[in-house]
Amino acid sequence: GDGRGGGKTSTDLVAYKNVNDVPFTKETMIYVDQRNESVLIPIHGFMFPLHISTVKSVTSRQDNRTCTTRVIFNVPGTPFNPHDANTQKNQNEIFLKEISFSSKDSRHSSEVVQALKTLRRLVASRESERAERAT
Amino acid sequence: MTDGHLFGNILLAGRGGTKPGQMRVHSGGIAWKRQGGGKVIEVDKADIAGCTWMKVPRTYQLGVMVKDGLCYKFTGFREQDVSSLTSFIEKSFGVTMEEKQLSVCGRNWGGIELNGNMLTFMTAGKHAFEVSMADVAQTQLQGKNDVFLEFHVDDTTGANEKDSLMDMCFHVPNSNTQFVGDENRT
C-alpha cells in the first residue's frame, strides 16, 4: 500500500484527484457516483465526497411522508469492525461517524440506499477477492 | 452605482437554498439580493474580517468572514472574476484574500477547526465542509468518544432540497491530542 501499485486499494483511498473531477449536481441531494466509487453528501452548500470504502452501513426509515436516510462510517475501535488499515493507522484523527438526512421524496431515498448498498457490496467483494489472491 | 462590480446568478451557499441572486461588491462593502425578492445580505466593509476564495466543482466560491463570527459564502464566480475581484477587495476593504482548497480525497477522517462560529472539517489538510454553529440545534456527548450535532431543520430551507441534513456524529478517539477529554467525566 505505498500508493504506487496502480489501482485503488483500501489503504490508499482516493475518491477524486482533482476538484474538477467531482460531478456537478444542481440539486441538493445525496449522489452516488458509481464510476468513482464514491458518494457525494450535501452539507450546507458543500458537496462532501466520501469513498465507498469508508461506508459501514446505510439504513432508511419512513414515517408519514418523510424519509430518513442514515449513513454510518467506519471508525476505529468499533466492535466487530473489520480491521481496516485506515481506521488503525489514523488514531490521532477525528472521524465522521454518522450522518442523517431527511427527504420528502421517498423514491429518491430508496434509490440512494439501494445504489449505496450495491456499490458497497461490489467494491467489498472485489477487495476481498484481491486480498485472497494476494495471499 | 458607478463603482464596484456587479454579478448576476450568484448563489448564497450554506442553508440559503438554491435560488440565485445578484451580488454587488462596491467600495463600501458587499450586497447580495435574492432573485425575485426575499433575502438580502449586506455587509459593510468595516465589518469584514477576511475574504477567501475556494475552487469548487464547476465554479468559484467567495467566503466573507464578518467580525461577529458569521461567514457568508457565495458561489457562481468565473475564473476571470477571481483576479479582478481579488485586487478590488484587497484595495477597497483592506483585507488580504486567502485561498482555501477543497478536499476531494473521500476520507471520513481528519481534523476539526473551530473559527468564529464555523466548524470546519479538514481532510488531508484541506477543507472538506463547514457548518455554522448557528445552525446547530443541539449537541450531545454520546458515550465517551462521540459528539453528536443536531441541526435545525425547517420548511423554508428544506423546501427545495431533496435531502436535508438532520444530524451528524463525530468520533474522537482517546488517542486524539487536540481535544483531550476530561477523564473524570461520567
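Guide: A residue is buried if 20 or more other C-beta atoms lie within 10 Å of its own, exposed if 12 or fewer, and partly exposed in between, with C-beta atoms placed from the backbone. This is a predicted model: local features need pLDDT of at least 70, side-chain atom pairs count only at pLDDT 80 or more, and totals for chains, interfaces and linings use all residues. Residues are numbered from 1 along each chain as its sequence is written, while chains are lettered from A and ligands numbered from 1 in the order in which they are written.

Visitor: What percentage of the residues of chain B count as buried?

Guide: The figure is 32% of the 186 residues of chain B.

Visitor: And which domains does the assignment give for chain B?

Guide: Domain 1 covers 5-100 and domain 2 covers 111-171, with bounds from an automatic or database domain assignment. Their centres in chain B, taken over C-alpha atoms, are separated by 22 Å.

Visitor: How many residues of domain 1 of chain B are in contact with domain 2 of chain B?

Guide: In chain B, 10 residues of domain 1 are in contact with eight residues of domain 2; contact requires C-beta atoms, placed from the backbone, within 7 Å.

Visitor: Changing topic, how many residues does each chain bring to the contact between chain A and chain B?

Guide: Chain A brings 44 residues and chain B brings 43 residues. On the side of chain A that touches chain B, the largest share, 10 residues, comes from E6(A). Strands (E, at least two residues) are DSSP runs, numbered from the N terminus.

Visitor: Which strand of chain B pairs with E6(A)?

Guide: E6(A) pairs with strand E9 (residues 109-115) of chain B in the antiparallel sense, over two bridges; pairing requires that DSSP finds at least two bridges between the strands. Opposite Gly110(B) in E9(B) stands Ile94(A).

How values were computed
Two residues are in contact if their C-beta atoms, placed from the backbone, lie within 7 Å. Helices (H or I, at least four residues) and strands (E, at least two) are DSSP runs, numbered from the N terminus.
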